[in-house]
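Here is a friendly note on the aromatic contacts, to read with the model open beside you.

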Amino acid sequence: MLKHLSIQNYALIDSLDIEWPEGLVIITGETGAGKSILLGAISLLLGQKAGAEVFGNPEKPVVVEAEFDDGMILRRVVHPSLRSRSFIDEEPVTSADLTRIAARIIDIHAQHKHLLLSDPAFQMEVLDRYAGSMALLEQYREQHRRFLSLSREADSLREQASKLNADSDYRNFQLSQLEEANLCEGELAALEQEQKALAHAEDIKEGLMRALELLGGNEENMGLVQGLKEAASSLGKSAGYVESAASLAERLQSCRIEIDDIESELAALSDRIVVSPERLAQVDDRLALLYSLLKKHRCADEAGLIAYRDSLREQCGGSEELSVRIEALAAEAAAADKARRELAEKIRQRRESVVEPLCAMLEEQIRSLELPRAVFRVELSALETLGESGGDALRFLFSANGEQYLADISKVASGGELSRVMLALKAVMARFTSLPTMIFDEIDTGVSGRAADRMGEMVSAMAANMQIFSITHLPQIASKKGAHFLVYKETDAQGRTVSRIRRLSDEERVLEVARMLSGAKLTDAAIRNAKELLK
């Protein structure tokens, strides 16, 4: 139950702090006084989107706060930038959280909301709430969403697998070609170097042999190594006479040793140089293969080819993995489908079991609202495929003049008839929900006279078990037993027009009901009539 409401800077409401009683709360006021503004502030608290028009002073935030009888406090703050913050018991929450919590506390039936009677989703919710199948429906929706999600994922993977399979022969050929190449990182540079050596092997061999000949000599000429040896020996003989000759002899000996070592390496190198046209042909063939693969796959080096080969391996192996994953998803989807179908069947059974008692109860309520020949039916049928609400479709059928005129409610009911049907629905549903507070914003639209009086009685009866706010323009409803609040405009000290609300005393209530009966000019007859109504 809503105990206290505080509104700051919302449209024409500069500042409002008001305590609400339990039971029936009547709210009246002249057109434009601010009744809709009050409702708008409450709607904002419950999560409605805010626009620039909500700010009384565009430089200050809008603050709406409500306290309930269980001690819970909801608050929403909207800043001039339209950024908003929501709180539950001083703890920050998201707007979605606030809306979810508030929906279990307050139901607002605003003007024209009776048009929901034509909405299949609303119709189904009415039936499910009456059938007590909302928990089952939530389980169904969880399995339904799971089935759809798994099916979409499986379809996506099947599409991938189809594309992979379409190219599988070519990919397998490419992979086979790369695997047969036995790629090795760094091989290309080594082969290119070997190819150069093999291509010039004869010239290299000849050069090495000539160098060895010069160093080692032959039968006709003394080699460089032998010459250095003899030169060092000659200098050594003079060392006893010329001091520098000894050091020169040592230097010559060092040169001889170095050149002797070079001669040995040249000999070894010469032995390794092989003049082999056969090996050159092998190297040329291998290089041609590598160059061809690099060009074909647009790679810079062997590392790129190896990476591409590994990628092909994954793709070829991935096709098998996809098949396994698709089978697993299909199995999960089948399980979810089985679960949702079983739940849909349970929900259908519950729905079918309550169609007749719901129709009878609603028809009784509707007929009590001055529609004595009204007929109300719920037409339940099976869908070809399961949807968000299960496997059923339904229509609300209505006639105000007997069963022979029964048709879809959206096509045959007038505005006043829709208002009465919606009130009857709310009255029935209030018995089966734990909702503590309900707000009716001129649910009496299109209704007058005795029908309005009967609507007032129904609203009053609902208030015996819950808190009911009734914003009304009809004296027949405003006169029902409960607390009466008046919304009015006045000019404040700064000359601004602001909306106010206050609880009326018994005497003031008589005058307000009289005003609703007679208009701006009060008459003695209207006052007497108001007193009679208020009895």
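The points below cover the ring pairs and then the charges placed over rings.

1. A word on the basis: this is a predicted model, in which local features need pLDDT of at least 70, side-chain atom pairs count only at pLDDT 80 or more, and totals for chains, interfaces and linings use all residues. Residues are numbered from 1 along each chain as its sequence is written, and side-chain values use heavy atoms, with hydrogens and water left out.

2. The structure holds three aromatic pairs (rings of Phe, Tyr and Trp, the last by its six-membered ring, with centres within 6.5 Å; planes under 30 degrees apart are stacked, over 60 edge-to-face, the rest tilted). In one of them, the planes of Trp20 and Phe469 stand at 80° with the ring centres 5.0 Å apart, so this pair is edge-to-face. It joins distant parts of the chain, 449 residues apart: Trp20 is in the loop between β2 (13-19) and β3 (24-28), and Phe469 is in strand β13 (residues 467-471). Strands here are DSSP runs of E, at least two residues, numbered from the N terminus.

3. Trp20 also pairs with Phe485, this time tilted, at 4.9 Å centre to centre and 55° between the planes. Phe485 belongs to strand β14 (residues 483-491), 465 residues from Trp20.

4. Trp20, Phe469 and Phe485 form one aromatic cluster. Trp20 and Phe469 are buried, as is Phe485 (under 20% relative accessible area, 1.4 Å probe, protein chains only).

5. Please look at two charges over rings, too (NZ of Lys or CZ of Arg within 6 Å of the ring centre and within 35 degrees of the ring normal). Arg75 lies over the face of Phe87, 4.4 Å from the ring centre, and the charged end of Arg502 sits over the ring of Tyr488, at 5.6 Å from its centre.

Terms used. Helices (H or I, at least four residues) and strands (E, at least two) are DSSP runs, numbered from the N terminus. Buried means under 20% relative accessible area, exposed over 50%, partly exposed in between (1.4 Å probe, protein chains only).
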